[in-house]
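Have the structure open as you read.

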Amino acid sequence: MKTEKIILGIDPGTSIMGFGIIKIIGKKMEFVQMNELLLKKYDDHYLKLKLIFERTIELIDTYKPDEIALEAPFFGKNVQSMLKLGRAQGVAMAAGLSREIPVTEYAPKKIKMAITGKGTSSKEQVASMLKSLLNLKELPKNLDATDGLAAAVCHYYNSGKQIGGKNYTGWAAFVKQNPKKLRD
């Protein structure tokens, strides 16, 4: 059994895509990296999607994650925002699946619950708990990076107990679990 694995966590967004990477050695979790892809300066939504795909592929090729955890878009009142977030998530998911890396999505409340024990925690509370858990020296200015890191940590905590997350091991698994998303 493999005792070491790398998890890439992504908080997809069309203004900022946050990401974090952890390494698991045995049952010990280690911080590897966190950062964000700033997309605010681009007006073209399709260019933003291309950049999300390319950055995700670059992270995969550099860090060789064994699994990817994505924060699922939350259902807000603005349908256009929801659509854009869904596309960003889909592009990040497609990047992982194109490299045949298992992808799992987690609802924001589930991620917050895994990190802080409370599904209604603020971004600041999640970031503070991650700082403590992973012995981080400082937190980034934007907390989108810690949101991506939180997705990775949530996935580690939920490894082996697939509750509430959707897990795809490749395109075939995605198609099998989502037959209504296919067109004739």
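Leaving aside residues up to four places away in sequence, Asn158 touches Tyr106, Lys110 and Ala114. You'll find Asn158 in the loop between α5 (144–157) and β6 (166–168). Keep in mind that this is a predicted model.

Is Asn158 buried or exposed? Its relative accessible area is 9%, and anything under 20% counts as buried, so Asn158 is buried.

## The overall layout

Zooming out, the protein has six helices and six strands. Walk along the sequence and the order reads β-β-β-α-β-α-β-α-α-α-β-α.

Of the 184 residues, 47% are buried. The exposed surface comes to about 10400 Å², and carbon and sulfur atoms account for 55% of it.

## α3 against α5

Back to the helices. α3 and α5 pack with their axes 9 Å apart, at an angle of about 75°. That angle falls in the 65 to 115 degree range, so the two helices, α3 and α5, are roughly perpendicular to each other.

Which residues meet here? On the α3 side they are Lys110, Ile111, Ala114 and Ile115; α5 brings Ala150, Ala151, Val153, Cys154 and Tyr157. Sorted by class, this contact has eight nonpolar residues, no polar ones and one charged residue. Two of the α3 residues here, Lys110 and Ala114, also turned up among the residues that Asn158 touches.

## α3 against α4

The axes of α3 (residues 108–116) and α4 (residues 123–133) come within 9 Å and cross at roughly 40°. So α3 and α4 are oblique to each other, and α3 passes α4 in a left-handed crossing.

In this contact, Lys112, Ile115 and Thr116 from α3 meet Gln125, Val126, Met129 and Leu130 from α4. By class, the contact holds four nonpolar, two polar and one charged residues. Ile115 is worth a click: it meets α4 residues in this contact, and Ile115 is also part of the α3 contact with α5.

## Two loop residues with positive phi

Lys64 isn't a glycine, yet its phi is positive, near 50°. Lys64 belongs to the loop between α1 (45–63) and β4 (67–71). Its relative accessibility is 56%, and the cut-off for exposed is over 50%, so Lys64 counts as exposed.

Glu100 is another non-glycine with a positive phi, about 60°. Look for Glu100 in the loop between α2 (79–98) and β5 (103–106). With 66% relative accessibility, Glu100 counts as exposed too.

One last stop: Ser15, in the loop between β1 (4–11) and β2 (16–25). How far apart in space are Ser15 and Leu39, C-alpha to C-alpha? The distance is 4.7 Å, although 24 residues separate Ser15 and Leu39 in sequence.

Not counting residues up to four places away in sequence, Ser15 touches Leu37, Leu38, Leu39 and Lys40. Even so, Ser15 counts as partly exposed, at 34% relative accessibility.

Methods:
Residues are numbered from 1 along each chain as its sequence is written. This is a predicted model: local features need pLDDT of at least 70, side-chain atom pairs count only at pLDDT 80 or more; totals for chains, interfaces and linings use all residues. Side-chain values use heavy atoms; hydrogens and water are left out. Axes are lines fitted to C-alpha atoms, for helices over the stretch in contact, and angles run from 0 to 180 degrees between N-to-C directions. Helices (H or I, at least four residues) and strands (E, at least two) are DSSP runs, numbered from the N terminus. Angles under 35 degrees count as roughly parallel, over 145 as roughly antiparallel, 65 to 115 as roughly perpendicular and the rest as oblique. A crossing is left-handed if the near helix is turned anticlockwise from the far one by less than a right angle, and right-handed if clockwise. Contact means heavy atoms within 4.5 Å. Ala, Val, Leu, Ile, Met, Phe, Trp, Tyr, Cys and Pro count as nonpolar, Asp, Glu, Lys and Arg as charged, and the others, Gly among them, as polar. Buried means under 20% relative accessible area, exposed over 50%, partly exposed in between (1.4 Å probe, protein chains only). Accessible areas come from the Shrake-Rupley method with a 1.4 Å probe; for residues, only the protein chains shown count as cover.
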